[in-house]
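Please open the model in your viewer and keep the sequence panel beside it. The tour below moves from one selection to the next and says what can be found at each stop.

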Amino acid sequence: MTIIYSKKRFPPPPYDVEVEDMNYYRLLYGGDHDQIFPRARSIQTTERVFRRSRPGLIRRGMSADIKITSEHQYVVVNFASLVAEVPADLINRALGNLSADVEAGPELEFVSAVVTASKPNDKIWAAVTQHQVDGLIAYRIRRSAKGKVWFEWVLGDRYFPHEDGNGADLAWIEKWDDGKGGELKFLRVERQELSDEGLTIQQQVYKMDGDSVGDQIDISQYAAAYEIEIPDDETLKDVSELLCGFVINDETLLHPRGRSALRNIDTIQEEINWTITRDSIVFDKHGKPKLAIPRALWDTVANQNQRDYGARFVRGADLEVVSFDEKTGAIPQYITWDAKTDQSFKHVERLIRYLLAVSKTSVQAAGLEDAKGDTGIALLYLWIQSVIKAEAIKDKFDSAIKDAIRKCMLLENAIGKGGLKPVNPVIEWGTILPKAESEKDEEESKKYVDGVQSLETTVRRLHPDWSEEAIAAEVQKIQDEKTVDSLNPTFAQPPKVTV
């Protein structure tokens, strides 16, 4: 069953609820808490809205479209971003080389070209972070007119699978200037659908009015009007699976499309912000020293101002030079307010620890405790919560990347040169946590000596930044030196015989 867009609101149900949740958690991750938390809005009065790159900041050279006036600043200490980024940091440093599961042949060259075009190592951090925030991230296979094939990550709010499981839509909104200071909105849809003939890929476009989708318009006229390239509809014979997919986070039977990693920490995050903001307000009101002067001194200065200016008042400048009362010893003094905030700070620390526990993030990752270990094993136990979480996410992305590259082979066989054997590539994953160079070298060398790892793999892991040519040359050097060392330097003469 396909999705009907015309004369409907976008996003279509039941995905509209998911998209709304995604937008909420994106604001939470981005630190735009004044848009989602009532107490943040109650502390400021909005007169006009300005374009800003972050809350409270105006980009240089841009005029203000809005203005926010506030007596006090709502303080955001955003631990939600840390929860999403810690797994991304760990997985990003662990992803290594991607290659075909063959020593030579067209598959090896093709996979190398796909990896070069897709840049999975460069984009894995952004993909994992968005996966944690949204609870879902998708991918699709692309091919240019020149024959370059690659895969790309797609936001979860653009991926809508069909209920029958035989298709999926990739839908997004495009905006264009109408030439009158306004904008026109169009809904673009790439529909992939399986049938007895193979995989059908269609391109559709609809005109939009606000959040409502209008009638479908001709795709060729739309492409010509805005000078963009849109692939033609086609059917790929003998292709029995979709050329797209998705990676879900913390799925359950009730939530098969995953859930955000930030789903249980928003109220805790808001309480952290409010507690710190409340302390900030108290310090702002009472933290500044106040000057107290004797009543006689105040009367003296006020009487002098009345003679000079016709009114009794005392200015700060009037007290820069004052007289000392020798009889009473009365002199001006500063009064400071001693705030007892120990319990407030302890409350914030408890909230932070609750937030980290709920989100399965180690306190060492947040910098609340010492994160140093004498060995890699000691460091592992300190970071065990974050490592277990990152390992589970890593396994999902391992399967997704392999599946995406295999689908690239299917597309190439369908409309390219063909002749490829569609198999999963090999992905080399390093250790998630950093180790000392000496410790890592010792572990890799021991694996080679024990015969559980090849020399090539050992060199590759010791030098992950080397090219294939450099690795092959190093392997050859080591083999040559072992061959020389195995020769007996003593020349043994044959035994003498008598004929």
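In which loop does Asp250 lie? Select Asp250 in this predicted model, and you will find the residue in the loop between strand 12 and helix 7 (266-286). Its phi is positive, about 50 degrees, although Asp250 is not a glycine, and with a relative accessibility of 27% the residue counts as partly exposed. Most residues other than glycine have a negative phi, and most peptide bonds are trans.

Select Asp238 next, which lies in the loop between strand 11 (234-237) and strand 12 (244-248). Asp238 also has a positive phi, about 65 degrees, without being a glycine, and its relative accessible area of 79% makes this residue exposed.

Now go to the segment before helix 1, where Pro11 and Pro14 are both placed. A cis peptide bond with omega of about 5 degrees joins Phe10 to Pro11, and another cis bond, with omega again about 5 degrees, joins Pro13 to Pro14.

A search of the whole structure finds 14 aromatic pairs. The rings of Tyr5 and Tyr206 have centres 5.9 Å apart and planes at 50 degrees; because an angle over 60 would be needed for edge-to-face and one under 30 for stacked, this pair counts as tilted. The pair links distant parts of the chain, with Tyr5 in the segment before helix 1 (15-30) and Tyr206 in strand 9 (residues 198-209), 201 residues apart. Tyr5 is buried at 2% relative accessibility, and Tyr206 is buried at 6%.

For another ring geometry, select Phe151 and Trp153, which form an edge-to-face pair with 5.9 Å from centre to centre and 90 degrees between the planes; both Phe151 and Trp153 are buried. Then select Lys148 together with Trp150, where the charged end of the lysine sits over the ring of the tryptophan, 5.2 Å from the ring centre.

The next selection is a pair of helices. Two packed helices are described by the angle between their axes and the distance between the axes. Helix 1 packs against helix 5 (residues 120-134) at an angle of about 115 degrees, and their axes are 8 Å apart. Show the side chains of Met22, Tyr25, Arg26 and Tyr29 in helix 1, which meet Trp125, Thr129, Gln130, Val133 and Asp134 in helix 5. By class, this contact between helix 1 and helix 5 has 5 nonpolar, 2 polar and 2 charged residues.

Move on to Arg41 in helix 2 (residues 38-42), which counts as partly exposed at 42% relative accessibility. Leaving aside neighbours within four places in sequence, Arg41 is in contact with Asp34, Gln35 and Ile36. Tyr74 is 33 residues from Arg41 in sequence and, C-alpha to C-alpha, 8.7 Å from Arg41 in space.

Ser362 is buried, with a relative accessible area of 2%, and, apart from neighbours within four places in sequence, is in contact with Leu356, Leu382, Trp383, Gln385 and Ser386.

Finally, zoom out to the whole chain, whose secondary structure comes to 14 helices and 15 strands. Of its 499 residues, 38% are buried, and the accessible surface comes to about 29700 Å², of which 51% belongs to carbon and sulfur atoms.

Key:
Residues are numbered from 1 along each chain as its sequence is written. This is a predicted model: local features need pLDDT of at least 70, side-chain atom pairs count only at pLDDT 80 or more; totals for chains, interfaces and linings use all residues. Side-chain values use heavy atoms; hydrogens and water are left out. Rings of Phe, Tyr and Trp (its six-membered ring) pair if their centres lie within 6.5 Å; planes under 30 degrees apart count as stacked, over 60 as edge-to-face and the rest as tilted. Helices (H or I, at least four residues) and strands (E, at least two) are DSSP runs, numbered from the N terminus. Buried means under 20% relative accessible area, exposed over 50%, partly exposed in between (1.4 Å probe, protein chains only). A charge sits over a ring if NZ of Lys or CZ of Arg is within 6 Å of the ring centre and within 35 degrees of the ring normal. Axes are lines fitted to C-alpha atoms, for helices over the stretch in contact, and angles run from 0 to 180 degrees between N-to-C directions. Contact means heavy atoms within 4.5 Å. Ala, Val, Leu, Ile, Met, Phe, Trp, Tyr, Cys and Pro count as nonpolar, Asp, Glu, Lys and Arg as charged, and the others, Gly among them, as polar. Accessible areas come from the Shrake-Rupley method with a 1.4 Å probe; for residues, only the protein chains shown count as cover.
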